[in-house]
Amino acid sequence: MGMGQKAGSPQYFNEMYDGAAVRPPYQGLEAWARDMPVDLRTLKQGEAEALFRRIGITFAVYGEGGDPDRLIPFDMFPRVFAADEWRKLDRGVKQRARALNAFLADVYGRGEIIRAGRVPAHLVYRNEAYEKAVVGIKPPKGVYSHIVGIDLVRTGPGEFFVLEDNCRTPSGVSYMLENREIMMRMFPQLFRENRIAPVETYPALLRRTLSSVAPAKCDTPPRVVILTPGHYNSAYYEHSFLADMMGVELVEAQDLFVEGDFVWMRTTEGPQRVDVIYRRIDDAFIDPLCFRPDSMLGVPGLMNVYRSGGVALASAPGAGVADDKAIYTFVPEMIRFYLGEEPVLQNVPTWQCARPDDCAHVIANLADLVVKEVHGSGGYGMLVGPRSTKEQIAAFADKIREKPWNYIAQPTLALSTCPTFVEEGVAPRHVDLRPYCLVGEEVQLVPGGLTRVALTEGSLVVNSSQGGGVKDTWVLAE
Amino acid sequence: MRLTVSHETTYRFDPPMRGVVQSLRMTPSVCENQQVLAWAVAAEGAERGAGFRDGAGDWVETITHIGPVDALSVSVTGEVETIDTGGVLKGHRERMPPAAYLEPTRATAPDRALETLARDTVAGIDVGDVLARAHALCDGIEAAIRYTPGQTEHGTTAAEALALGHGVCQDHAHAMIACASVLDIPARYVTGYLFASEEAGGHEASHAWAELFVPDLGWVGFDASNGVCPDGRYIRIGSGADAQEAAPIRGIAQGAGTEALEARVQVDRAAQSQSQSQA
């Protein structure tokens, strides 16, 4: 049976096939997939599932909701990038991570980009995610967002678009690592036959990144911890996995306390000073003395220690002002303004329903557009025009008229497809990509990321809560 | 005017708490309106953390008590020379963009009545004359919310105070901020001390008012409780979006005990002989 020829409509870029020809990066996979007997495939798929269950990685990608104990389906067909394709992504993602950090330093400092009239003041200063408590503070090395997740889609051989930026605490990197681990265990020969760049260095790089932003007051090898809201959180597995892989403590708020100039961790050998906190708790909850007074998840006084230079927080509170869907529109402008470069990766053209002209255009063309809530995530509350009925479109138009500022719209992107194991064999399914860029003393990106795949035929929604799965992502060595 | 301040805040916990952490914002602002001659913040038995100046120019310190804590006392003593600037905050170094004070909080969210009050009060005043609009708001709020202690409490919102028609300085300041937000004027809550014993008033010596951002002038104070702009009788301490954010003491006590709070504030004119001896 041929693979991918049933690519559906040729309007979608098939990452493996160019007509009948196999594109070079996938050549090492053609025979492997073709020659795999159905029973072996079923066996391996079952093995993979058992491995995922055993390690307990069942969480939903953060913010997506859904059943936290449901296993996200793993598809064994890898998604592959050639070295030269990755070079462009690498440049583009790092460029964006630099610009986003420059933007954060600016809007919590002098606000030059606003004075210059390039970004409207109200979008920044009246943004829910803007934290006044961070104004005038210089975090170590000037870094605000230390782990930047950039969600990308591909529409052609050299065409990539950024769907959104994640500057707070993007999750899912444990999938990137586990997907690779499991593929290596199940198909070791694939890793002998192909020169696949390693992603296993991520935890060490993350630790180095976090250590590099220890505060100036820290005069010993920095102690890094991960602060989790606890095991009820849907991403708890990832928190404990990363702590394990980095060899750092996983702590909850009650394990930490503030005394004097510093934050301390309770240990059996007495209090130990903590220098860098990779916190996986939302801004509003990290310190009841500064933010929500009713938070039980936070450490009272933490923000004062942070603001007086006694501890580093990754990411900085308020980093979310850079990844808002309304701010997103201005990222290419940030790249030009701060870096004096042209963006390597393009934004998706976006209409802001808050603007009357845009809103009229959106309502008139709903059947062709994707409409999202400004603060929404996880594929909820969105309209995919081409896949909606007339009734659904009419109902959504009413919602937009009622609260136009709550919506943005984008053209329906022709997401690329990648061969995927399905019931009938192998078939093309739409994919996206989230690479994880690390920003500390240096800006680094491991060659890989999390590929999400829409397992339902024809679906363009890759979110796990909407029937999405994950794949190992290969970057071929030069 | 030379003023002396003595301010003691005592917390008693029963049963004792496991620990207490407090963020203190109790040191006078650095600005041309006032010159600090002496100032000391003491918290006996507490560990002091590094202080820092925040984006709004306030000096913030952290104190921590590892328990058991049955009582905790924070005392402030100082002497400040003030001048009357007609309410304008002068020479105050801060990094906060005024536009960051346009978003209301729970306490300052305007309801229909506050919106109406704001619009009616400034009717006929040019949109560009922010100063005149601010003065009108100050008068309008003084009239709409009568200064009456004991009718409102710490959690009362601006909307609730207006509905009651009574309130204290906190309610007046919240109402000023709420009305200013309706008119797109950046506004914030300011805490400080007021020397008021020369008047019949009986206002607390710990005081609060609002600052509105007026183009060309910068931040200007408005005290709707007294219907004036802060003058030489006022000492400015700190600011925030509302009373909670600007609070001189924000604390968390860990434990199951009940908390009793006692505060004693004394603001006096420095002895005449002292200022004479300097003359």
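**A walk through the two-chain model**

Thr350(A) is found in chain A, in the loop that runs between strand S13 (346-347) and strand S14 (351-352); helices (H or I, at least four residues) and strands (E, at least two) are DSSP runs, numbered from the N terminus. The model is a predicted one, in which local features need pLDDT of at least 70, side-chain atom pairs count only at pLDDT 80 or more, and totals for chains, interfaces and linings use all residues. Residues are numbered from 1 along each chain as its sequence is written, chains are lettered from A and ligands numbered from 1 in the order in which they are written, and side-chain values use heavy atoms, with hydrogens and water left out.

Thr350(A) counts as buried because its relative accessibility is 14%; buried means under 20% relative accessible area, exposed over 50%, and partly exposed in between (1.4 Å probe, protein chains only). A polar atom of the Thr350(A) side chain lies 2.8 Å from the backbone oxygen of Val348(A). The side chain of Thr350(A) also makes a polar contact with the side chain of Gln410(A), at 3.2 Å. A polar contact is a pair of N or O atoms within 3.5 Å; within protein, one must be able to donate a hydrogen and the other to accept it, and residues adjacent in sequence count only if both atoms are side-chain atoms. With neighbours within four places in sequence left aside, Thr350(A) is in contact with Tyr328(A), Asp358(A), Ile408(A), Ala409(A) and Gln410(A), where contact means heavy atoms within 4.5 Å.

Asp287(A) lies in the loop between strand S11 (276-279) and helix H10 (302-307). Its side chain reaches the backbone nitrogen of Leu289(A) at 2.8 Å, and a polar atom of that side chain lies 2.9 Å from the backbone nitrogen of Met303(A). Not counting residues up to four places away in sequence, Asp287(A) touches Arg292(A), Gly298(A), Val299(A), Pro300(A), Gly301(A), Leu302(A), Met303(A) and Asn304(A). The C-alpha atoms of Asp287(A) and Phe81(A) are separated by 42 Å, and the two residues are 206 residues apart along the chain.

Helix packing can be followed in both chains. Two packed helices are described by the angle between their axes and the distance between the axes. In chain A, helix H13 (residues 356-364) and helix H14 (residues 390-402) pack at an angle of about 170°, with their axes 10 Å apart. Axes are lines fitted to C-alpha atoms, for helices over the stretch in contact, and angles run from 0 to 180 degrees between N-to-C directions. H13(A) and H14(A) are therefore roughly antiparallel to each other; angles under 35 degrees count as roughly parallel, over 145 as roughly antiparallel, 65 to 115 as roughly perpendicular and the rest as oblique. Cys359(A), Val362(A) and Ile363(A) of H13(A) meet Ala397(A), Ile400(A) and Arg401(A) of H14(A). By class, the residues of this contact are 5 nonpolar, no polar and 1 charged. Here Ala, Val, Leu, Ile, Met, Phe, Trp, Tyr, Cys and Pro count as nonpolar, Asp, Glu, Lys and Arg as charged, and the others, Gly among them, as polar.

In chain B, helix H1 (residues 112-121) and helix H4 (residues 169-182) pack at an angle of about 70°, and their axes are 9 Å apart. H1(B) is therefore roughly perpendicular to H4(B). H1(B) contributes Leu114(B), Glu115(B), Leu117(B), Ala118(B) and Arg119(B) to the contact, and H4(B) contributes Ala175(B), Ala178(B), Cys179(B) and Val182(B). These residues divide into 7 nonpolar, no polar and 2 charged. Arg112(B), also in helix H1 of chain B, is exposed, with a relative accessible area of 69%.

A cis peptide bond, with omega about -5°, joins Ala314(A) and Ser315(A); another, with omega about -5°, joins Asp14(B) and Pro15(B). Pro15(B) is found in strand S1 (residues 2-24) of chain B. Lys141(A) has a positive phi, near 60°, in a residue other than glycine, and is partly exposed at 46% relative accessible area.

Finally, the two chains meet. The contact takes 24 residues from chain A and 33 residues from chain B. Between them the chains bury about 2400 Å², 59% of it on carbon and sulfur atoms; buried area is the accessible area (1.4 Å probe) that two parts lose on being put together, summed over both. Arg126(A), Lys132(A) and Leu289(A) supply 30% of the area that chain A buries against chain B, more than any other three residues.
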